[in-house]
Amino acid sequence: EQLAVVHATARNVLAKAEALQLLATGSDEAIAQERAAKHTAAKRWRFTLKDISTAKATISRERQTTVRPDKVKVQTWDAEESILATKERTTKQELKTIETALK
């Protein structure tokens, strides 16, 4: 997990550097296009986060409403939650990188 944090921090620094380089050397049109592309990407990542949140809520609801689930069902929920947690962490990192570049 520490490696993931370091990797995310490095990506944020790189995104900021690329954005500053574009500001210094790019035309107004190129800057506007890049901003629009970043805003579109950020919107997609936010939708992905909402989808992940909905899936996590569905699993939670199933856990609460299922009476005496069997071991396989519990293991399935655990695996799904683990996958969703990883996707959520990755998505948040990507969104943060984009937001850093937009600043």
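A residue counts as buried under 20% relative accessible area, as exposed over 50%, and as partly exposed in between. Keep that scale at hand for the exercises below, and remember that this is a predicted model.

**Exercise 1. Is Glu81 buried, exposed or partly exposed, and which residue does Glu81 form a salt bridge with?**

Step 1. Glu81 has a relative accessible area of 28%, so Glu81 is partly exposed.

Step 2. Now look for a partner: Glu81 forms a salt bridge with Arg63, with the closest N and O atoms 3.0 Å apart.

**Exercise 2. Find the salt bridge between Arg63 and Asp78, and say where its two residues lie.**

Step 1. The closest N and O atoms of Arg63 and Asp78 are 2.4 Å apart.

Step 2. With a relative accessible area of 38%, Asp78 is partly exposed.

**Exercise 3. Describe the salt bridge between Glu34 and Lys38.**

Step 1. The side chains of Glu34 and Lys38 meet at 3.6 Å, N to O.

Step 2. Both residues lie in helix α2, four residues apart, or about one turn of the helix.

Step 3. Glu34 is partly exposed at 34%, and Lys38 is partly exposed at 24%.

**Exercise 4. What should helix α3 span, and how far apart are its end C-alpha atoms?**

Step 1. Helix α3 covers residues 71-102, which makes 32 residues.

Step 2. For α3 that gives 46 Å.

Step 3. The end C-alpha atoms are 46 Å apart, which agrees.

**Exercise 5. Which residues make up the largest nonpolar core, and which elements give two or more of them?**

Step 1. The core has six residues: Ala41, Ala42, Leu49, Leu95, Ile98 and Leu102.

Step 2. Helices α2 and α3 are the elements that give two or more residues to this core.

Step 3. Zoom in on Ile98. Leaving aside neighbours within four places in sequence, Ile98 is in contact with Lys38, Ala41, Ala42 and Trp45.

Step 4. Step back to α3, where the buried residues include Trp77, Leu84 and Glu88. What covers the buried residues of α3 includes α1 and α2.

Definitions and conventions: Residues are numbered from 1 along each chain as its sequence is written. This is a predicted model: local features need pLDDT of at least 70, side-chain atom pairs count only at pLDDT 80 or more; totals for chains, interfaces and linings use all residues. Side-chain values use heavy atoms; hydrogens and water are left out. The expected span of a helix is 1.5 Å times one less than its number of residues. Buried means under 20% relative accessible area, exposed over 50%, partly exposed in between (1.4 Å probe, protein chains only). Contact means heavy atoms within 4.5 Å. A nonpolar core is a set of buried Ala, Val, Leu, Ile, Met, Phe, Trp, Tyr and Cys residues joined through side-chain atoms within 4.5 Å. A salt bridge is a side-chain nitrogen of Lys or Arg within 4 Å of a carboxyl oxygen of Asp or Glu.
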